Amino acid sequence: MNDGRVLFQEFLRAPTRVATVTASSDALVAALLAPHRLDGAPDAERGAEPGAQPTADPIVVELGAGTGRVTDAVAHRLGGRGRHIAVEINPVLAARLAGRHPDVTVVAADAAGLPTVLAEHGVERVDAIVSLLPWSAYAAAPVPELAAGVLAPSGTFTQVTLRGLHLLPPARRQLRDLREAFGEVTGGATVWQNLPPARILIARSPKRA
Ligand SMILES: C[S@@+](CC[C@H](N)C(=O)[O-])C[C@H]1O[C@@H](n2cnc3c(N)ncnc32)[C@H](O)[C@@H]1O
């Protein structure tokens with residue numbers, strides 16, 4: 001079965017969790033990854049703090065990897081460097097992803113357990129978190145706080161959100177929680193080519209309790 005059909009089938013089973021019937025567009029994937037430095041630039045170029053993970057081998061985490069459009073792009077950019085962990089709660093989507101990407105650590109788990117997932121894989125700090133999680137995940141767990149807690153000081157968190165719905169309570173709560181967990185939160189480009197049109201939120205300078 002192709003990705004589109006599987007996504008549609010899983011959407012029918014859990015609509016608020018899967019939250020889409022279309023796979024991410026190339027434009028969305030590019031916008032989500034643009035704020036991250038996954039190209040192996042040395043620490044000094046990024047102004048990384050002493051003790052930060054070496055960025056030549058970044059540790060990248062995806063949350064809500066779905067059909068794997070972002071997984072494909074991250075794997076391509078890393079080109080075998082660093083470490084790539086994809087967390088996906090849906091067991092059908094996670095199993096397909098694992099089959100397609102034997103070099104990626106695909107974990108069929110709830111993003112709410114991120115610190116535990118990372119600890120189980122021997123990872124303490126990560127350089128990049130790319131999130132496609134829907135609002136329902138933010139309602140169920142403090143996603144920004146969890147992300148900030150595992151991100152290196154020089155790391156970046158990106159989250160896709162829907163364009164034009166920023167006044168809705170879940171969108172306002174998402175932004176508020178991001179601002180509480182990160183020192184810097186900005187809105188990136190709107191991706192009109194995506195269906196539905198999307199916007200990227202970029203969070204940096206994680207605050208740690
Ligand atoms: C908007 S879709 C992302 C789809 C992806 N962009 C694609 O191209 O296939 C959101 C994904 O997040 C997953 N998800 C939802 N809640 C989650 C959670 N709490 N933990 C991990 N993954 C979750 C869903 O199963 C779904 O695959």
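Colleague: Where is Gly-4 placed in this model?

Modeller: Gly-4 lies in helix α1, which spans residues 3-13. The model is a predicted one.

Colleague: Why is Gly-4 called partly exposed?

Modeller: The relative accessibility of Gly-4 is 39%. A residue is buried under 20% and exposed over 50%, with partly exposed in between. The value for Gly-4 is 39%, so Gly-4 counts as partly exposed.

Colleague: What separates the C-alpha atoms of Gly-4 and Ala-23?

Modeller: Those C-alpha atoms are 6.7 Å apart, while the two residues are 19 residues apart along the chain.

Colleague: Is Thr-67 buried or exposed, and how do you know?

Modeller: Thr-67 has a relative accessible area of 9%. Buried means under 20%, and Thr-67 is therefore buried at 9%.

Colleague: Which residues of helix α3 are buried?

Modeller: In α3, residues 26-33, the buried residues are Leu-28, Val-29, Ala-31, Leu-32 and Leu-33. The buried residues of this helix pack against α5, β4 (126-131), β5, β6 and β7.

Colleague: What makes β6 and β7 a pair of strands?

Modeller: Two strands pair if there are at least two bridges between them. Seven bridges connect β6 and β7, in the antiparallel sense. One example is Thr-190, whose bridge partner in β7 is Arg-199.

Colleague: How many bridges join strand β5 to β7?

Modeller: Seven bridges join β5, residues 151-162, to β7, and these strands run antiparallel. The bridge partner of Thr-158 in β7 is Ile-202.

Colleague: What is the form of the peptide bond from Leu-195 to Pro-196?

Modeller: That bond is cis, with omega near -5°. Pro-196 sits in the loop between β6 (182-191) and β7 (198-206).

Colleague: What is the phi of Ser-205?

Modeller: Ser-205 has a positive phi of about 55°, although Ser-205 is not a glycine. Its place is in strand β7.

Colleague: Why does Ser-205 count as partly exposed?

Modeller: The limits are 20% and 50%. Ser-205 has 37% relative accessibility, and therefore counts as partly exposed.

Colleague: Let us turn to the whole chain. How many helices and strands has the protein chain?

Modeller: The protein chain has ten helices and seven strands.

Colleague: Why is the protein chain called as compact as a globular protein of that length?

Modeller: For 209 residues the globule rule gives 17 Å, and the radius of gyration of the protein chain is 16 Å. The two values are close, so the chain is as compact as a globular protein of that length. Along the principal axes, its C-alpha atoms fill a box of roughly 45 × 40 × 30 Å.

Colleague: What percentage of the residues in the protein chain is buried?

Modeller: Buried residues make up 47% of the 209 residues. As for contacts with a separation of 6 or more, 66% are between residues 24 or more positions apart.

Colleague: How many positive and negative side chains has the protein chain?

Modeller: There are 21 positive and 20 negative side chains, and the centres of the two sets lie 7 Å apart.

How values were computed. Residues numbered from 1 in each chain as written. Predicted model: local features only at pLDDT ≥ 70, side-chain atom pairs only at ≥ 80, totals over all residues. Heavy atoms only, no water. Helix = DSSP H or I, 4+ residues; strand = E, 2+ residues; numbered from the N terminus. Rg over C-alpha atoms; globule rule 2.2 N^0.38 Å. Buried < 20%, exposed > 50% of the residue type's maximum accessible area, 1.4 Å probe, protein only. Contact = heavy atoms within 4.5 Å. Lys, Arg positive; Asp, Glu negative; His and termini not counted. Charge placed at Lys NZ, Arg CZ, Asp CG, Glu CD.
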